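This report walks through one protein chain, from its overall surface to single residues. Please keep the sequence and the coordinates at hand.

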Amino acid sequence: MDVNAGKPYLFYSGESMSGVFRPGDELLCRSLPYNELRIGDVIVFSAESGKLIVHRVIRFSDSGDPVTMGDNNPTPDRKGPGKLPEYRLVTGFRRRDLLCSVRNGRAGMTQFYRNRLRRTILHNGRFLEYMVPRRLRIRSLKQTVFGKSVHFSWLGIRIAVDDGKMLRFRHPALKLFFAPERRKG
């Protein structure tokens with residue numbers, strides 16, 4: 001079963017991989033033998049209904065079958081592609097006139113977890129309503145001095161750096177959870 005046989009591309013539709021693809025993106029594919037398939041790879045396979053599915057390999061079952069899941073889906077696929085001699089690996093996509101690469105392997109799993117976090121935050125707005133009014137004071141965090149700068153961390157995660165002139169958060173979203181204190185003077 002060689003999905004997309006003879007065609008190096010497909011057009012994406014659906015929402016299961018939003019955060020990676022948008023409906024109408026032209027997916028660029030190449031064949032990939034089973035022994036080269038990695039966790040984090042985005043593959044195209046045919047469902048029992050004949051519909052083409054574009055999902056990420058999140059693990060391998062005990063029998064060696066790849067377990068797949070859309071980055072935007074709440075659970076893994078019930079019926080994955082099974083163990084095939086060859087798969088179609090999505091290597092990139094074209095959106096309008098822009099050609100982009102797709103993260104596969106370890107980088108793909110990093111993107112998968114980021115998309116899951118984004119989905120969790122978007123679907124659980126009450127979590128933010130609960131956390132934002134109860135922000136932690138930045139000076140109450142663990143402080144490590146490196147030369148003239150002070151690094152703030154929480155549970156081993158670097159949150160911000162104060163270089164004496166400006167407090168810089170590692171990511172703008174961290175300002176939601178950690179409140180800077182006003183400088184004296």
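The protein chain has an accessible surface of about 12,200 Å², and carbon and sulfur atoms account for 53% of this surface. Accessible areas come from the Shrake-Rupley method with a 1.4 Å probe, and for residues only the protein chains shown count as cover. The model is predicted: local features need pLDDT of at least 70, side-chain atom pairs count only at pLDDT 80 or more, and totals for chains, interfaces and linings use all residues. Residues are numbered from 1 along each chain as its sequence is written, and side-chain values use heavy atoms, with hydrogens and water left out.

**Overall fold**

The protein chain holds two helices and 13 strands. Helices (H or I, at least four residues) and strands (E, at least two) are DSSP runs, numbered from the N terminus. Of the 185 residues in the protein chain, 38% are buried. Buried means under 20% relative accessible area, exposed means over 50%, and partly exposed lies in between (1.4 Å probe, protein chains only). Take contacts (heavy atoms within 4.5 Å). Among those between residues at least 6 apart in sequence, 50% join residues at least 24 apart.

**Core**

The largest nonpolar core has 13 residues. Such a core is a set of buried Ala, Val, Leu, Ile, Met, Phe, Trp, Tyr and Cys residues joined through side-chain atoms within 4.5 Å. Phe-21, Leu-27, Val-42, Val-54 and Val-90 touch the most other members. At least two residues of this core come from each of β2 (26-33), β3 (42-46) and β6 (86-95).

**Hairpins**

Two strands pair if DSSP finds at least two bridges between them.

| Strands | Bridges | Residues between | Turn residue, positive phi |
|---|---|---|---|
| β3 and β4 (residues 52-60) | five | five | Gly-50, about 95 degrees |
| β4 and β5 (residues 66-69) | four | five | Gly-64, about 95 degrees |
| β9 (residues 142-146) and β10 (residues 149-154) | five | two | Gly-147, about 65 degrees |
| β10 and β11 (residues 157-162) | five | two | Leu-155, about 55 degrees |

Val-42 faces Arg-56 in β4. Arg-59, in turn, stands opposite Val-67 in β5. Further along, Lys-142 has Ser-153 of β10 as its bridge partner. Ser-153 is also bridged to Arg-158 in β11.

How enclosed is β10? Five of its six residues are buried, so β10 is largely enclosed by the rest of the structure.

Most residues other than glycine have a negative phi, and most peptide bonds are trans. Arg-96 is not a glycine, yet has a positive phi of about 55 degrees. Arg-96 sits in the loop between β6 and β7 (98-101). Its relative accessible area is 74%, so Arg-96 is exposed. Leu-155, in the turn between β10 and β11, also has a positive phi of about 55 degrees.

**A buried asparagine**

Asn-115 belongs to helix α1 (residues 105-123). Is Asn-115 buried or exposed? Asn-115 counts as buried because its relative accessibility is 6%. What does the side chain of Asn-115 make a polar contact with? The partner is the side chain of Asp-71, at 2.8 Å. A polar contact is a pair of N or O atoms within 3.5 Å; within protein, one must be able to donate a hydrogen and the other to accept it, and residues adjacent in sequence count only if both atoms are side-chain atoms. Setting aside neighbours within four places in sequence, Asn-115 is in contact with Gly-19, Val-20 and Asp-71.

**Cysteines**

A disulfide is a covalent bond between the sulfur atoms of two cysteines. The rule here is a pair of cysteine sulfur atoms within 2.5 Å. By this rule, the count is zero disulfides. Cys-29 has a relative accessible area of 9%, so Cys-29 is buried. Cys-100, at 23% relative accessibility, counts as partly exposed.

**Arg-137**

Arg-137 lies in strand β8 (residues 136-137). Arg-137 counts as partly exposed because its relative accessibility is 46%. Phe-177 is 40 residues away along the chain, and the C-alpha atoms of Arg-137 and Phe-177 are separated by 8.9 Å.
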